[in-house]
Amino acid sequence: MNFNYQKLEKGDLEGGYNLLKENLLDFSWRVSDLEKAFTSNNHLLLGIFQKNQLIGMIHGSFLFNEGEILSIALTKKYQHQGLGTKLLEYFLAEIKKLGVDKVFLEVRASNLSAKKLYEKNQFKKISQRKNYYHHPQETADIYLLEMKS
């Protein structure tokens, strides 16, 4: 199968919003929140397309040399096929071009497959936030990747 990796555009807003809503357990953003991210100079939204259909996306923000992954989602049909790794690698390469050398993220403590993805890509667990998530309530593990120049 051929997959295209590219920066998301404003026309991808509805598809991106639906993808996040359907695939993230505690997604509480409004469409207007994501729309602001699309027009912001310090947000990076990248996607995977298969036959012009958005099947995965990653959303991050950055300020100076620090970035944060805010969300990553793949349509269930395409999970566990290495696409999450490729999407994450694409994001890290693009955000590094913007001068970022540290990337943070939060992940549910119980989300073992996501944690495995991050650890495989050199992220290190540095802390926890108790009761960070709601519906259901859960601790967040905080990860950091320090990228070499």
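This is a predicted model: local features need pLDDT of at least 70, side-chain atom pairs count only at pLDDT 80 or more; totals for chains, interfaces and linings use all residues.
Q: What makes Ser61 or Val100 a contact of Gly67?
A: Contact means heavy atoms within 4.5 Å, and, with neighbours within four places in sequence left aside, Gly67 is in contact with Ser61, Phe62, Ile95, Val100, Lys102, Val103 and Phe104. A C-alpha to C-alpha distance is a separate quantity: for Gly67 and Leu105, which are 38 residues apart in sequence, that distance is 8.7 Å.

Q: How do you know that S4 and S5 are paired?
A: Two strands pair if at least two bridges are found between them, and four bridges join S4 to S5, so the two strands, which run parallel, count as paired. Within this pairing, Val103 in S5 is the bridge partner of Gly67, while Glu68 stands opposite Phe104 in S5.

Q: What is the order of the strands in the open sheet, and which are its edge strands?
A: The open sheet has seven strands in the order S1-S2-S3-S4-S5-S7-S6, with mixed pairing. Strand S1 (4-7) and S6 are called edge strands because each pairs on one side only. Averaged over this sheet and with direction ignored, neighbouring strands are turned by 25° against each other.

Q: Which helices lie against strands of the sheet, and at what angles?
A: H1 packs on the sheet, where it touches strand S3 (53-63) and S4, and the direction of H1 makes about 90° with that of S3. H2 lies across S2 and S3 and runs at about 100° to S2.

Q: Why is strand S7 described as largely enclosed?
A: Buried means under 20% relative accessible area, and eight of the nine residues of S7 (residues 138-146) are buried, so S7 is largely enclosed by the rest of the structure. For S5 the count is five of its seven residues, so S5 is likewise described as largely enclosed.

Q: What makes S7 a partner of both S5 and S6?
A: Pairing needs at least two bridges; S5 and S7 pair in the antiparallel sense over seven bridges, and S6 and S7 pair in the antiparallel sense over six bridges. S6 and S7 form a hairpin with four residues between them, and His135 in the turn has a positive phi of about 55°.

Q: Why is Gln122 given the label that it has for accessibility?
A: The relative accessible area of Gln122 is 49%, and exposed would require a value over 50% while buried would require one under 20%, so Gln122 is called partly exposed. Gln122 has its place in the loop between H4 and S6. Leaving aside neighbours within four places in sequence, Gln122 is in contact with Leu144 and Leu145, and between Gln122 and Tyr143, 21 residues apart in sequence, the C-alpha to C-alpha distance is 9.7 Å.

Q: How many residues line the largest pocket, and which elements supply them?
A: The largest pocket, with a volume of about 1200 Å³, is lined by 39 residues, of which Leu24, Ile72, Asn111, Ala114 and Tyr118 lie nearest its centre. Two or more lining residues come from each of helix H1 (13-23), S4, helix H3 (83-97), strand S5 (102-108), helix H4 (112-120) and strand S6 (124-133). S4 gives the largest share, seven residues, and the lining divides into 19 nonpolar, 13 polar and seven charged residues.

Q: What makes up the lining of the second largest pocket?
A: The second largest pocket holds about 210 Å³ of space, and its lining includes Lys7, Phe38, His43, Phe62 and Glu94. Helix H2 (31-39) and strand S2 (43-50) each supply at least two of the lining residues, and the largest share, three residues, comes from S2. By class, this lining divides into seven nonpolar, three polar and two charged residues.

Notes
Residues are numbered from 1 along each chain as its sequence is written. Side-chain values use heavy atoms; hydrogens and water are left out. On a 1 Å grid over the protein atoms alone, a cavity is a set of points where a 1.4 Å probe fits but cannot get out, and a pocket is an open set with protein on both sides within 12 Å along at least five of seven lines; lining residues have an atom within 4 Å of a point. Grid points are joined across faces, edges and corners, and a volume is the space filled by probe spheres set on the points. Ala, Val, Leu, Ile, Met, Phe, Trp, Tyr, Cys and Pro count as nonpolar, Asp, Glu, Lys and Arg as charged, and the others, Gly among them, as polar. Axes are lines fitted to C-alpha atoms, for helices over the stretch in contact, and angles run from 0 to 180 degrees between N-to-C directions. Buried means under 20% relative accessible area, exposed over 50%, partly exposed in between (1.4 Å probe, protein chains only).
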